[in-house]
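Please open the model in your viewer and keep the selection panel handy. We will go stop by stop, with a note on what to select and what is there.

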Amino acid sequence: MSDRTVVLRIKRQERPGSAPYWQEFEVPLQPAMNVIAALQAARKLARTRDGKTVDPVTWESNCLEEVCGACTMIVNGKVRQACSALVEHLPQPVTLEPMTKFPVVRDLCVDRSSMFENLKKVKAWIPIDGTYDIGPGPRMGDDEAQEGYILSRCMSCGCCVEVCPQVNDRSDFMGPAVMSQVVLFNSHPTGRLNRHERLDAVMGPGGIQDCGKAQNCVRACPKEIPLTESLVRLARESTLHALRDLLRK
Amino acid sequence: MASAPQIVIVGGGLAGLMAAIKASEAGAEVKLFSSVPCKRSHSVCAQGGINAAVNTKGEGDSPEIHFDDTIYGGDFLARQELPRRMAHAGPGIVYLLDRMGVRFSRTPEGLLDFRRFGGTKHHRTAFAGATTGQQLIYALDEQVRRWEAGGHVVRYENWEFLSAVLDGSGACRGIVAMPLSTLRPEAFRADAVILATGGPGLIFGRSTNSMNCTGSAAGSVHRQGAIYANPEFIQVHPTAVPGEDKDRLISESVRGEGGRVWVPKDGKPWYFLEEKFPKYGNLVPRDIATREIFRVVHELGLGVDGKAQVYLDVSHLDASTTRRKLGGVLEIYEKFMGADPTKVPMKVFPSVHYSMGGLWVDDADEATNIPGLYASGEANFQYHGANRLGANSLLSCIFGGMVCGPAAVKYARGLAKGAAALDSSVFDAARAREEEENRKVLARDGPENLYGLHEELGESMRKHCTVVRYNRGLEEAEAKVADLQARLPRARVPDRSDVGNQSLVFARQMENMLVIARAICRGARLRDESRGAHYKPDFPERDDVNFLKTTMARHSPDGPRIDYDPVECTWVKPRPRKYD
């Protein structure tokens with residue numbers, strides 16, 4: 001048994017809009033421990049490093065395998081999933097903060113519903129005729145399927161939104177993830193049929209023209225989605241779309 | 001009824017989402033509740049694929065063979081009506097998902113590719129890399145978003161289900177739920193309610209399940225009178241990576257693509273599954289692979305490095321093909337274990353994975369014994385009998401949603417009086433009951449630690465109620481659960497906040513988890529035979545005379561009351577189950 005410990009320095013907030021404050025917790029270090037396991041240990045203790053009994057920290061998590069995106073937070077200054085952040089690889093104290101581009105619900109828990117609302121705005125779906133058994137979808141080469149698959153692994157975790165300088169109080173930019181989803185659906189043989197509706201949506205407020213090409217998004221994406229490629233593709237597509245509209249007038 | 005049927009669906013995984021799509025399509029107005037944003041549901045953890053007998057590889061596969069494999073794999077305990085319909089619906093479901101834009105892996109000809117999975121000799125499993133569950137749930141989530149944009153579905157994400165609202169006749173007329181932010185219970189009217197709330201893996205502490213797989217919703221309606229069936233049938237997956245917070249699944253598709261299980265013996269690799277089961281090799285069903293790994297590690301003492309672990313090896317396969325077909329799984333191993341599986345064998349061990357048991361539902365509509373209440377997906381007991389075959393879970397979830405969604409709408413249309421016309425008193429009373437319960441739980445005081453109790457529960461359940469079961473141990477385990485039930489009211493809820501109080505939510509879930517845990521222990525204690533995942537060395541044979549029966553658990557304050565309902569094997573007759 002090792003008597004090594006891990007110190008968590010956590011930015012807390014009681015409720016939406018209230019002032020944040022910091023607390024430190026110290027828990028025994030376990031082999032292959034991740035930030036979630038450390039948070040769980042601190043929750044069971046419900047006591048700060050200086051011995052004060054406090055309300056346990058609130059955070060979001062679910063799959064703990066980095067496929068659901070729930071436990072996204074800022075770990076030692078970098079936005080990422082807490083489940084795949086192994087404590088042994090992190091300098092101590094381990095600093096945990098909620099994401100800053102979404103409203104805080106409490107402690108490390110934020111409200112990311114805007115990401116899903118934006119998916120609705122850009123019609124991020126394939127408009128199928130119905131769920132009846134009418135045979136297979138369009139034939140597709142495996143390379144094309146794999147290209148789509150890479151984009152389709154987006155968990156709506158919000159990492160790219162967090163690091164994007166264009167997402168701020170003065171801008172409505174929907175963020176890189178949603179833009180990349182438009183590329184995904186516009187590249188599908190069926191999705192292509194109503195690509196103009198999606199392009200109209202991303203040419204409006206908060207759309208593709210708000211991208212500042214900082215390229216932070218692609219570096220922050222935990223699924224290594226080529227977001228900048230998507231953004232460039234979408235910018236080109238929407239320019240052509242605008243030209244087409246212009247010529248039709 | 002002139003106005004649109006009002007359907008409440010609880011659970012935003014594959015079953016709940018599919019039910020929402022089908023109910024919307026049938027003209028209903030849907031309220032969809034989920035404890036997490038639907039995209040983050042546990043369905044994302046399914047990796048390997050979804051079964052459909054399309055027979056594109058010239059192997060003579062057919063839905064009837066798929067059906068037979070399912071019943072045989074489940075050791076004949078499954079009731080046969082729904083699994084048969086499911087097997088026949090399989091190809092249509094995979095084609096539907098294909099039309100929804102799921103980026104399935106393809107053959108050189110551009111058709112859907114299929115790979116092998118456990119318990120069958122056919123290439124029957126469609127897959128999207130090795131994150132198939134994630135890809136399927138995204139597709140269904142997108143379709144539901146479309147219905148949402150059209151005003152037919154309203155989502156209540158980050159809401160916790162508390163209980164069903166039952167009217168004077170005992171029929172389900174709505175639910176009480178609370179948002180995880182404010183924790184203020186609200187009652188919702190519904191003509192029919194579908195629970196698609198997943199399995200109870202958290203009862204075992206560590207499992208491959210996600211953090212919201214408490215089984216609490218099923219436990220709650222069980223306490224309200226819903227029958228819980230076959231609770232003792234818990235699948236322990238043979239290959240997972242043990243962790244402090246959870247065990248991480250390493251998909252069966254790894255073996256489907258050629259991965260081999262071995263331990264060193266006399267200085268050489270010993271491929272013990274291939275040796276013992278030459279016909280199926282590493283692809284024997286999960287219950288059998290798990291027991292074999294237990295035997296090799298615990299009886300023969302051959303665990304790798306003297307620990308409870310065996311090798312799962314893909315290092316002999318072509319690395320780039322392996323990455324393309326299994327990338328998502330290998331990534332998990334790399335991120336959490338820091339080793340590259342294409343170079344060094346993975347170290348794995350069995351872990352609690354899936355509950356074959358669940359809420360009892362009928363053979364036609366997935367209707368529970370409470371009128372107006374349906375249960376779908378892992379939350380019900382159908383399809384898988386005593387052991388589930390790999391890649392049948394995604395199929396049973398989606399098929400289940402297709403069954404209960406329209407059935408609930410049909411039931412709603414047949415009601416003489418819809419929920420909207422009911423007096424508000426029944427809803428007000430239901431909400432007040434839950435508010436009172438929250439107050440009572442928050443007022444608890446005492447020396448017990450809420451999370452400590454959960455650890456004790458998990459430890460005892462893992463020790464006594466998983467792979468190898470003895471009656472004495474099962475009795476001990478049930479006594480332990482009863483003890484925890486007595487101690488829970490002395491566990492102070494450590495959080496006093498009225499915002500985002502997760503401890504309050506967990507305290508409420510624990511109460512329901514303990515009820516299900518007790519049914520698991522009792523069901524296992526009383527079933528003196530070995531069948532599928534339920535194995536008792538003292539009763540090593542399957543006993544069809546006494547136990548070809550569904551375990552039916554009814555709740556009472558002093559523990560479960562159990563009786564049995566015979567299983568009719570209409571199409572596939574019982575035969576000895578062997579894979580060697």
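How many residues of chain A are in contact with chain B, and how many of chain B with chain A? Select both chains and look at where they meet: 75 residues of chain A are in contact with 74 residues of chain B, contact meaning heavy atoms within 4.5 Å.

Before we move on, a word on the ground rules. This is a predicted model, in which local features need pLDDT of at least 70 and side-chain atom pairs count only at pLDDT 80 or more, while totals for chains, interfaces and linings use all residues. Residues are numbered from 1 along each chain as its sequence is written, chains are lettered from A and ligands numbered from 1 in the order in which they are written, and side-chain values use heavy atoms, with hydrogens and water left out.

**Stop 1: between the chains**

Stay with the two chains. Together they bury about 6100 Å², with 49% of it on carbon and sulfur atoms; buried area is the accessible area (1.4 Å probe) that two parts lose on being put together, summed over both. Now select Asn62(A), Glu65(A) and Thr131(A): in chain A these lose the most area to chain B, together 12% of what that side buries. The interface also holds 10 salt bridges, each a side-chain nitrogen of Lys or Arg within 4 Å of a carboxyl oxygen of Asp or Glu. For a salt bridge to zoom in on, show Arg324(B) and Asp142(A), whose side chains meet at 3.0 Å, N to O.

**Stop 2: chain A as a whole**

The C-alpha atoms of chain A fill a box of roughly 70 × 40 × 30 Å along the principal axes. In cartoon view, look for 8 helices and 7 strands; helices (H or I, at least four residues) and strands (E, at least two) are DSSP runs, numbered from the N terminus. Of the 249 residues in chain A, 56% are buried, where buried means under 20% relative accessible area, exposed over 50% and partly exposed in between (1.4 Å probe, protein chains only).

**Stop 3: two domains**

Colour residues 5–110 of chain A as domain 1 and residues 113–248 as domain 2; the bounds come from an automatic or database domain assignment. Their centres, taken over C-alpha atoms, are 31 Å apart. At the boundary, 13 residues of domain 1 of chain A are in contact with 13 residues of domain 2, and the area buried there is about 1000 Å², 55% of it from carbon and sulfur atoms. On the domain 1 side, pick Val79(A), Lys101(A) and Phe102(A), which lose the most area to domain 2, together 51% of what that side buries. The rule finds 1 salt bridge across this interface.

**Stop 4: helix 5 of chain A**

Select residues 176–187 of chain A. This helix of 12 residues reaches 17 Å from first C-alpha to last, close to the 16 Å expected at 1.5 Å a residue, the expected span being 1.5 Å times one less than the number of residues.

**Stop 5: helix 11 of chain B**

Bring chain B back and select residues 425–442. The buried residues of helix 11 include Phe427(B), Ala430(B) and Val441(B). Look down the helix axis: the buried residues fall within an arc of 100°, so they line one face, the arc being that of the directions from the axis to the C-beta atoms. Turned away from that side are the exposed Arg439(B) and Lys440(B). Finally, show what the buried residues pack against: strand 7 (159–166), strand 8 (172–179), strand 9 (186–189) and helix 14 (502–526) of chain B.
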